[in-house]
Amino acid sequence: MADNIPFKGTQEQEQKLLEVIAQNKDLPGALLPVLHEAQEIYGYLPIEVQQMVADGLGISLSEVYGVATFYSRFSLTPKGKHRISVCLGTACYVKGADKVLAAVEKKLGIKSGECTPDGLFSIDSCRCVGACGLAPVMMVDEEVYGKLTPESVEKILDKYIAEEGGSNS
C-alpha cells in the first residue's frame, strides 16, 4: 500500500526544491508553480515535501495541502516506474473496463491510486484516452493496449514483470 512506502528524497532533490522556492518566494501566487516544480523533482508531493514548501514560502502546511489536494494534477502518492492507466470512459466501461481494472488490481495486489511496495507499478483510471474503437483500453507508460480481457491483462503485466526480473503472481 502506498502509505507504507517511506519517503526517499535525496539531498540533490532537496537542493533543487530549495532553489525553486528561493526563485519564487517573493512572487505573487508562488505556491502553484512551486508545487508543480516540486512534483517534477520528486514525482509526487509527500507530506515531507509539502512541509518544505510551506516552510520555504512562509505559509501553513494546511494551505499547501489544500492546494495539493484540490488540483487533480497533483499526486500525494508515489507513481511507479511503470504507470498503468485504465480507461473508464463510456465506450471502455460498457465493454468491461471495470473488469479489466479489477484484473490489474488483483494481479498487482494494489488498488487504483496506489503504487506497489517495490515501486515498479502504479495504477490509475482515466476518463478517455481517445482510442474508443479499441475499447476497453489501458495504457502502460506510453503504450496503448486495446480490446482487453481480464486474461489478456495478466499476460501484458507478466511481460513487464519479467522485464523487471520479478515474479508477481
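The crossing of helix 6 (residues 97-108) and helix 7 (residues 150-163) is right-handed in this predicted model; a crossing is so termed if the near helix is turned clockwise from the far one by less than a right angle, and left-handed if anticlockwise. The axes of helix 6 and helix 7 come within 9 Å and cross at roughly 40°, which makes helix 6 oblique to helix 7. Axes are lines fitted to C-alpha atoms, for helices over the stretch in contact, and angles run from 0 to 180 degrees between N-to-C directions. Angles under 35 degrees count as roughly parallel, over 145 as roughly antiparallel, 65 to 115 as roughly perpendicular and the rest as oblique. On the side of helix 6, the residues that meet helix 7 are Lys-99, Val-100, Ala-103, Val-104, Lys-107 and Leu-108; their counterparts in helix 7 are Pro-150, Val-153, Glu-154, Leu-157, Asp-158 and Ile-161. By class, this contact (heavy atoms within 4.5 Å) has 8 nonpolar, no polar and 4 charged residues. Ala, Val, Leu, Ile, Met, Phe, Trp, Tyr, Cys and Pro count as nonpolar, Asp, Glu, Lys and Arg as charged, and the others, Gly among them, as polar.

Residues are numbered from 1 along each chain as its sequence is written. Local features need pLDDT of at least 70 and side-chain atom pairs count only at pLDDT 80 or more, whereas totals for chains, interfaces and linings use all residues; side-chain values use heavy atoms, with hydrogens and water left out. Helices (H or I, at least four residues) and strands (E, at least two) are DSSP runs, numbered from the N terminus.

An open sheet is formed by 4 strands in the order 2-1-3-4, with mixed pairing; two strands pair if DSSP finds at least two bridges between them. Strand 2 (121-126) and strand 4 (143-145) are the edge strands, each pairing on one side only. From one strand to the next, the twist averages 20°. Helix 6 packs on this sheet, touching strand 1 (82-87), strand 2 and strand 3, and its direction makes about 155° with that of strand 1. Helix 7 lies across strand 1, strand 2, strand 3 and strand 4, running at about 155° to strand 4.

Strand 1 runs parallel to strand 2, to which 6 bridges join it, and pairs with strand 3 in the antiparallel sense over 3 bridges. Ser-85 stands opposite Asp-124 in strand 2 and opposite Met-139 in strand 3. Strand 3 (residues 138-140) pairs in turn with strand 4, in the antiparallel sense over 3 bridges, and Met-138 stands opposite Tyr-145 in strand 4.

The axes of helix 1 (residues 11-24) and helix 2 (residues 31-42) come within 10 Å and cross at roughly 165°. That makes helix 1 roughly antiparallel to helix 2. Gln-39, found in helix 2, is buried, with a relative accessible area of 16%. Leaving aside neighbours within four places in sequence, Gln-39 is in contact with Tyr-44, Leu-45, Arg-73, Phe-74 and Ser-75. In helix 3 (residues 47-57), the buried residues are Val-49, Gln-50, Met-52, Val-53, Ala-54, Gly-56 and Leu-57, and their cover includes helix 1, helix 2 and helix 4 (61-70).

Methods
Buried means under 20% relative accessible area, exposed over 50%, partly exposed in between (1.4 Å probe, protein chains only).
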